[in-house]
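Let's take a walk through this model, one region after another. Have the viewer open and follow along.

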Amino acid sequence: MAIIVTLDVMLAKRKMRSKTLAEIIGITEQNISLLKSGKVKGIRFDTLEKICEALDCQPSDILSFEPDERS
């Protein structure tokens, strides 16, 4: 996958648990887990905004683009 999710890194930097983030932004802990593992196909901008607000970060702090190396 070309989009890398580093939400777990930002959670660790902020010393916040997934459960706490889920409660703050109003989604399930399971959805946070799926997002952290990269098993989601997309994320709503309002959810991304809430995550960034809760973690005091930018979208680029939790999402990055790494092109697939194809021959």
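Which residues in H2 meet which residues in H3? Ser18, Lys19, Leu21, Ala22 and Ile25 are the ones on the H2 side, and they meet Glu29, Ile32 and Lys36 in H3, where contact means heavy atoms within 4.5 Å. Sorted by class, that contact has four nonpolar, one polar and three charged residues. Here Ala, Val, Leu, Ile, Met, Phe, Trp, Tyr, Cys and Pro count as nonpolar, Asp, Glu, Lys and Arg as charged, and the others, Gly among them, as polar.

A word on what you're looking at: this is a predicted model, in which local features need pLDDT of at least 70 and side-chain atom pairs count only at pLDDT 80 or more, while totals for chains, interfaces and linings use all residues. Residues are numbered from 1 along each chain as its sequence is written, and side-chain values use heavy atoms, with hydrogens and water left out.

Back to the helix pair. H2 covers residues 18–25 and H3 residues 29–37; helices are DSSP runs (H or I, at least four residues) and strands are too (E, at least two), numbered from the N terminus. The two axes come within 8 Å and cross at roughly 115°, with axes fitted to C-alpha atoms over the stretch in contact and angles running from 0 to 180 degrees between N-to-C directions.

Zoom in on Ser18 in H2. Ser18 counts as buried because its relative accessible area is 13%; buried means under 20%, exposed over 50%, and partly exposed in between (1.4 Å probe, protein chains only). Leaving aside neighbours within four places in sequence, Ser18 is in contact with Leu11, Glu29, Ile32 and Lys36. Glu23 also has its place in H2, but Glu23 is exposed, at 58%. Its C-alpha atom is separated by 29 Å from that of Ala2, 21 residues apart along the chain.

Next, the largest pocket. Lining it are Ile27, Asn31, Leu34, Leu35, Val40, Gly42, Ile43, Arg44 and Thr47. A pocket here is an open set of points on a 1 Å grid over the protein atoms alone, where a 1.4 Å probe fits, with protein on both sides within 12 Å along at least five of seven lines; lining residues have an atom within 4 Å of a point. H3 gives the most to this lining, with three residues, and by class the lining has five nonpolar, three polar and one charged residues.

One of the lining residues, Thr47, is found in helix H4 (residues 45–55). Thr47 counts as buried, since its relative accessibility is 16%. Beyond its neighbours within four places in sequence, Thr47 is in contact with Ile25 and Ile27.

Now for the backbone. Most residues other than glycine have a negative phi. Lys15, in the loop between helix H1 (7–13) and H2, has a positive phi near 55°, and Lys15 is exposed at 77%. Asp56, in the loop between H4 and helix H5 (59–62), has a positive phi near 50° and is exposed at 63%.

Last stop: Thr6, in the loop between strand S1 (3–5) and H1. Thr6 is partly exposed, as its relative accessible area is 22%. Leaving aside neighbours within four places in sequence, Thr6 is in contact with Asp61, Ile62 and Leu63.
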